[in-house]
Amino acid sequence: MLEHDEVRSMVADIEATDASEEKREEITGDEELYQISPQSLVTHARNLDHPLCLVVQELRILIEDDPLIYRLFTRMFWELPYHPPFDKDPSGNPQIRDYRALLRHLNGIIVRAPEFNTTIMMGFPINAILAYPMATRSGIAVFLHEKVNSQIRKILNAWATFLSSSESRYVLNADPDNGWLGAKALALMPNFAALYVCNPAEPHFGFRSWDAFFTRRLRCGVRPVDCPNDTTVIVNPCESAPYRLAYGVKAHDNFWMKDQSYSLADMLGDDVLSSRFHDGTVYQAYLGCTNYHRWHSPVSGIIRKAYGKPGAYYAQSPTVGFDKTAPNRSQAYLTHVATRAMIFIDADDSSIGLVCFMPVGITECSSCEITVSEGQRVKKGDEIGMFHYGGSTYCLIFRPETKVQFIPEATKASVDTSILKVNSILARVL
């Protein structure tokens, strides 16, 4: 997974560093306890002291048995400044300072569901811990290491299993500060009961797990498909905010550099269909933790290909520096290296032709579930998959022959733009 010269050079520099460098004092005391609500503090403290579960123990063995991985994990924390704001993580908790503490926290996190909070890391406890360390030179390198990502995938899969169980429902409560069905949370999800399939009269609104809440369905008719019979209209596949729009995208480009230019061959993993999109158009948008997380087809047509592609977890662009909202400023970069899926749709309208919908998991479990298969016919607005727990972004990729005119709201791309509704008009082919 160390795919480009910049990262290879980074690792070479780290390996060449004098091994006699003075070791900084490790912080392993109780002051590192990750702050959570009072009602689960006792349980969490017990989890920190509990023997490491199998998947976390395997990560410990990987770190301590591989000299390069050990050095990267150790130096990732050494390279992190001690002065404010780095004394605390972006959630306001004391910053973890060594890999052993990281393992203990992972051990506790993956047997709990994320509580609601109003920090910038709402719902992302692992990402909060790693936001600053993963931006160091060693952090950037270690989270692109294939063996590391393979083990992190196992840890996140174990967490996803818990989040799909009924035990994870305890955070789906009306606590005003920490409950996902409390006043503060519901204020960020207006008209919740009217929008989503749920039953407020039942415990946990009828959701059987945290994952069921995260992947909740819309009620019939609340997001009608714009212009369903106009084949020239492309609709928004996700409830999302515009991030970037690029034309004339090259087959190969330096995506790891400061401008994070799209590189289609890297994004599409050298798929044989990628050449159809060279010099084409890429539209990228992102979803927040409180958004609707299912995907809908942007056009009517035939599914030509649909598959997942494993990638990196907790990676960050080498050029963005410390990002307290990580990985927000690395979203274009992550379309090339993170876990993602590819759904190629041959649109009924020949002026659109082949289009690729590429969902990308960027934080926490980062799961992309495809619910359509090759050869299946879909209508514009049909469900085609979903993100499971984690932060997420996606790209729509068009051929150079497809002349797309986006609505004005879609061209105002940044990390602060407003949410565009799923199934609403996004663009029109000229």
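How exposed is Lys305, going by its relative accessible area? Lys305 has a relative accessible area of 24%, so it is partly exposed (buried means under 20% relative accessible area, exposed over 50%, and partly exposed in between, with a 1.4 Å probe and protein chains only). Keep in mind that this is a predicted model, where local features need pLDDT of at least 70, side-chain atom pairs count only at pLDDT 80 or more, and totals for chains, interfaces and linings use all residues. Residues are numbered from 1 along each chain as its sequence is written, and side-chain values use heavy atoms, with hydrogens and water left out.

**The whole protein**

- The protein has 13 helices and 13 strands (DSSP runs numbered from the N terminus: helices are H or I with at least four residues, strands are E with at least two).
- Out of 430 residues, 56% count as buried.
- Take the contacts with a separation of 6 or more: 78% of them are between residues 24 or more positions apart (contact means heavy atoms within 4.5 Å).

**Salt bridges**

- Searching the whole structure turns up 13 salt bridges (each is a side-chain nitrogen of Lys or Arg within 4 Å of a carboxyl oxygen of Asp or Glu).
- One of them links Glu64 with Arg60, at 2.5 Å from N to O. Both sit in helix α3 (residues 54–65), four residues apart, which is about one turn of the helix.
- Glu64 is partly exposed at 34% relative accessibility, and Arg60 is partly exposed too, at 25%.
- Back to Lys305: its side chain meets Asp271 in a salt bridge of 3.1 Å, N to O. Lys305 is in strand β5 (residues 301–309) and Asp271 is in the loop between α12 (264–267) and β3 (280–287), so this pair ties together parts that are 34 residues apart in sequence.
- Asp271 is buried, with a relative accessible area of 8%.
- Asp346 and Arg304 make another salt bridge, at 3.3 Å from N to O. Asp346 belongs to strand β6 (residues 340–347) and Arg304 to strand β5, so the two tie together parts that are 42 residues apart in sequence.
- Asp346 counts as partly exposed at 26% relative accessibility, and so does Arg304 at 39%.
- Arg217, Arg294 and Glu383 form one network, joined by salt bridges that share partners.

**Arg216, a charge without a salt bridge**

- You'll find Arg216 in the loop between α11 (210–214) and β1 (233–235).
- Arg216 is buried but has no salt bridge, and Glu239, the nearest side chain of opposite charge, is 9.1 Å away (Lys and Arg count as positive, Asp and Glu as negative, while His and the chain ends are not counted).
- A polar atom of the Arg216 side chain is 3.0 Å from the backbone oxygen of Thr290.
- Setting aside neighbours within four places in sequence, Arg216 is in contact with several residues, including Met189, Phe192, Tyr196, Thr290 and Arg294.

**A three-stranded sheet**

- Three strands make an open sheet in the order β1-β13-β12, with antiparallel pairing (two strands pair if DSSP finds at least two bridges between them).
- At the edges are β1 and β12 (404–406), each pairing on one side only.
- From one strand to the next, the twist averages 30 degrees (axes are lines fitted to C-alpha atoms, for helices over the stretch in contact, and angles run from 0 to 180 degrees between N-to-C directions).
- Three bridges connect β1 to the antiparallel strand β13 (residues 425–429). For Ile234, the bridge partner in β13 is Ala427.

Methods
A polar contact is a pair of N or O atoms within 3.5 Å; within protein, one must be able to donate a hydrogen and the other to accept it, and residues adjacent in sequence count only if both atoms are side-chain atoms.
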